[in-house]
Amino acid sequence: MKKAALWGVILLFISGCATSGDIDRLKTEANVRIDGLEGKLHSMGSEMAKLQSETGKLNETMAGLRKSSADLRADLTEIREQIQQIRGQIESLQKNVANIQGKTGELKELRERIENINFKINFIEKYLDIGKKETAHLENKSKQNGTVSTTKESLYLAALEKFKAGRYEEALSEFQRFLEKYPKSDYSANAQFWLGECYYYTQQFEKAILEYDKVVRDFPKSNKVPHALLKQGLCFIRLGDNTSARAVLQTIIKDFPNTNPAKIARSKLLEMH
């Protein structure tokens, strides 16, 4: 409506009919419109300033996000590199473990060989001491009679000497021949035990077990029984039959508690746990 009135006044002015009042009113309305426009311009300037401020903050936020994104990418790159390094270390450790396992097998085999040699030495020393006593006994009898007293003793002594010399195959044949001729003599239990020893030291453990069992079964009162049982237990260990080995070793401890074989049996049981 104001716009229509204004145009009406302008037309009157143009046509020469406008009065001074019309002109004053026109000026007033024009000033009002100008003030309104200036107000709007001021308001728009404030809005623009506010928008520019918010745009600046947004730019700062975006810059911060870009920096954070760049930092994150750098961190991810570093993490990936660390993961690769860790994977390399794992592969190296796996190779080391494989090498150690291989060496462990070699060390285990070496320990078994050393253990076997130690047992062999210990038992040979022990039984050579027994053999010395037996040899001395036979020599004393020979001195009393001028020669080796009997063919029986001569045959047994010859077999024992071969065993002491490490000639196990020959000793084996000699002890077998002795037992065939003299199955129930004073030396038969010993001969039967040494027969088992010949098989043991040639690593024929199944046969050794059978020969040691004959000592226990056929000569139950012989002092070789706990030794035969111990060697049976050792044979079972060498064959990987720990269940049978434990049963035999426990029998020694139970039936022959104060003997040297019982001490060795306890030690072997502890090693097997």
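**View 1. Arg-217 and Asp-218 meet side chain to side chain in a salt bridge, with 3.5 Å from N to O.** A salt bridge here is a side-chain nitrogen of Lys or Arg within 4 Å of a carboxyl oxygen of Asp or Glu. Asp-218 is partly exposed at 33% relative accessibility; that label covers what lies between buried (under 20% relative accessible area) and exposed (over 50%), using a 1.4 Å probe and protein chains only. The structure has ten salt bridges in total.

A quick note on the model: it is predicted, so local features need pLDDT of at least 70 and side-chain atom pairs count only at pLDDT 80 or more, while totals for chains, interfaces and linings use all residues. Residues are numbered from 1 along each chain as its sequence is written, and side-chain values use heavy atoms, with hydrogens and water left out.

**View 2. Lys-164 pairs up with Glu-161 in helix 3.** The closest N and O atoms of this salt bridge are 3.3 Å apart. Helices are DSSP runs (H or I, at least four residues), numbered from the N terminus. Lys-164 is partly exposed, at 27% relative accessible area, and Glu-161 is partly exposed too, at 35%.

**View 3. Arg-167 and Glu-170 form a salt bridge.** Their closest N and O atoms are 2.6 Å apart. Arg-167 comes out partly exposed at 41% relative accessibility, and Glu-170 partly exposed at 37%. Side chains of opposite charge can pair when their charged atoms come close.

**View 4. Gln-203 shows a positive phi of about 60° without being a glycine.** Most residues other than glycine have a negative phi. Gln-203 lies in the loop between helix 5 (188–201) and helix 6 (205–218), and is partly exposed with a relative accessible area of 49%.

**View 5. The largest nonpolar core has 40 residues.** Such a core is a set of buried Ala, Val, Leu, Ile, Met, Phe, Trp, Tyr and Cys residues joined through side-chain atoms within 4.5 Å. Tyr-156, Phe-163, Phe-175, Tyr-200 and Ile-252 have the most contacts inside it. Helix 5 gives the largest share, eight residues. Beyond its neighbours within four places in sequence, Ile-252 is in contact (heavy atoms within 4.5 Å) with residues including Pro-226, Leu-229, Leu-230 and Pro-261.

Note on methods:
Helices (H or I, at least four residues) and strands (E, at least two) are DSSP runs, numbered from the N terminus.
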